[in-house]
Amino acid sequence: IMKKILLFTLAISLSMSSYSTHLMGGQIVTSYLGTDSLGSHYAVELTAYRDTIGIPMVTSAVFYVSELDTSGNWNSLFSSTVSYDTTSGNLFLPVQSAYGVEVYVYNDTITLPGDGYYSISYEECCRNGAIINMSNPLSESMRLTTYFTSDSLNPNSSASYLSPPVAYLPADTLWSYNPLPFDPDGDSLVWSLVTPLGLTSMVNGYEYLSDSIYSNPSGIFTLDSVTGSLSWSASLVGNFEASFLIEEYRNGAKIGEMRRDMQFIVVPDTLNSMPQIANMQSVPTNSGGYPYVKINPGQNYQLHLIANDADVNDVLDMEAYGAPFDFSVSPASHSVSLTGNGNEIEGIFSWTPDITHISPIPYIVVFRTTDFFFYYDETIQFEVTSEVLSLTNIEGIEISNIYPNPANNKLFIPISLDRSDNVSIEIYNMIGVKISENNMNLGTGNHMIMKDIDLNSGQYIVVIRDKNGTAINTQQLVIVK
């Protein structure tokens, strides 16, 4: 541990005093544009991040393009130099004593001579000397490489990330972030944490943040293999590097990979609370315990999420990211408004999916709450399915619309079971506090559950769970007195 503390002190000292380094992370995304007699054309976008106390960002980037031959050797084809987009250079808002982070974008268009397996690389010296989980970051270049298959008959763009990076987080606080891996062609993706790349090989002396020195036992640095969500409770203050790899598969064969390097700045903030969504427990979950919603095409679905913050003077916002927002036909929408209860806000996700959106693979949507200092992500999966649902028909339990709605003092809930089961009916207020709960053992057949209610006027969430505690149905209830 003493070695880590000395390394941290030295890294901070070097980065603050020498101004000899600046690179914090980045990514390269390739997008297929079309094919003609000259070859296949691709748009290339490099996003790079620098710390504001480092040397100025270089005004141009060099892309190195190589092709894999039939013998397994990489052959250099050409390089391309491009200036950064003059509209980039945006500054992340600094947190407390932490320095700022700037983002720069470099765009280019390249033409490849034919079908094949290609790589596009960018490399620059040097990485941020303040990075703790590298043995000598000042001597390490940052190399980003994206691999992809070019096939004129089966066009392919690289995978990418739909949510932007987050730079700052507080120490000793459970934190969640989802880069939101995504493939525009619908190819299968596998994501993982890997060692960052240096000039000619992997970075020397790199240590994963899951190491017990960097993570508190209550929140080991973990990447969820199902949703791509990252969770962490950092045990040290400082700068840490992580590299996320997406591997892309089509018909069982790997056709590419891309990575995002990110630097996390952990600050010793004990005064600012983390903003969070308060009523996530009202969202249905699947058998794995993940928030999971099924929707029929043509059926409007609305999800009301309430976010709050213990710091009453903080101003909150909620952003949403995911493929449903980018559809040209029947895209999802997300709006945010104040509830009138202090700084509390309500985010409303609304989607009426089209029949073309039916997919056995759920759409992953990230809801990001912020107080403009810290960010916290919640991840929900949405499956658009053609199976007939009243509202929910999961494992032999079918629930229709509750009524009357709005209600006054009585509520009726139609439930149909293919077999006997234990069912619980829970009512939550809009900040996620459970108001009531009824457990009952129901036999096979149709049931009309009558529930006496004594609630103040307002909006509530009714959640119905099976015997395993899995939320199989959620509906909004309005009480009018």
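Reader: Which residues does Lys 451 touch, leaving out those up to four places away in sequence?

Author: A contact means heavy atoms within 4.5 Å. By that rule Lys 451 touches Asn 409, Lys 410, Leu 411, Ile 425, Ile 427, Ser 436 and Asn 438. This is a predicted model, in which local features need pLDDT of at least 70 and side-chain atom pairs count only at pLDDT 80 or more, while totals for chains, interfaces and linings use all residues. Residues are numbered from 1 along each chain as its sequence is written, and side-chain values use heavy atoms, with hydrogens and water left out.

Reader: In which strand is Lys 451 found?

Author: Helices (H or I, at least four residues) and strands (E, at least two) are DSSP runs numbered from the N terminus. Lys 451 belongs to strand β31, residues 445-452. The protein as a whole has 1 helix and 33 strands.

Reader: Is Lys 451 buried or exposed?

Author: Buried means under 20% relative accessible area, exposed over 50%, and partly exposed in between, with a 1.4 Å probe and protein chains only. Lys 451 is buried and has no salt bridge. A salt bridge is a side-chain nitrogen of Lys or Arg within 4 Å of a carboxyl oxygen of Asp or Glu. For charges, Lys and Arg count as positive and Asp and Glu as negative; His and the chain ends are not counted. The nearest side chain of opposite charge to Lys 451 is that of Asp 452, 8.9 Å away.

Reader: With which residue does Asp 452 form a salt bridge?

Author: Its partner is Lys 410, with the closest N and O atoms 2.7 Å apart. This pair links distant parts of the chain, since Asp 452 is in strand β31 and Lys 410 in strand β28 (residues 410-417), 42 residues apart. Asp 452 counts as exposed because its relative accessibility is 53%. Lys 410 has a relative accessible area of 34%, so it is partly exposed.

Reader: How many salt bridges does the structure hold?

Author: There are 12 salt bridges. One of them joins the side chains of Asp 377 and Arg 368 at 2.7 Å, N to O, and both Asp 377 and Arg 368 are buried. In another, Lys 434 meets Glu 426, the closest N and O atoms being 3.8 Å apart. Here Lys 434 is partly exposed, because its relative accessible area is 39%, whereas Glu 426, at 4%, is buried.

Reader: Which residues are linked with Glu 426 and Lys 434 in a network of salt bridges?

Author: Glu 437 and Arg 465 are linked with them in that network.

Reader: What does Ile 28 touch, not counting residues up to four places away in sequence?

Author: Ile 28 lies in strand β1, residues 23-36. Among the residues it touches are Val 44, Leu 46, Ile 120, Tyr 122, Leu 144, Met 258 and Arg 259. Its relative accessibility is 1%, so Ile 28 counts as buried. The C-alpha atoms of Ile 28 and Ala 159 are separated by 9.7 Å, although these residues are 131 residues apart along the chain.

Reader: What is the radius of gyration of the protein?

Author: The radius of gyration is taken over C-alpha atoms, and the globule rule is 2.2 Å times the number of residues to the power 0.38. For 481 residues a compact globule would have a value near 23 Å, and the 25 Å of the protein agrees with this. Buried residues make up 53% of the 481 residues.
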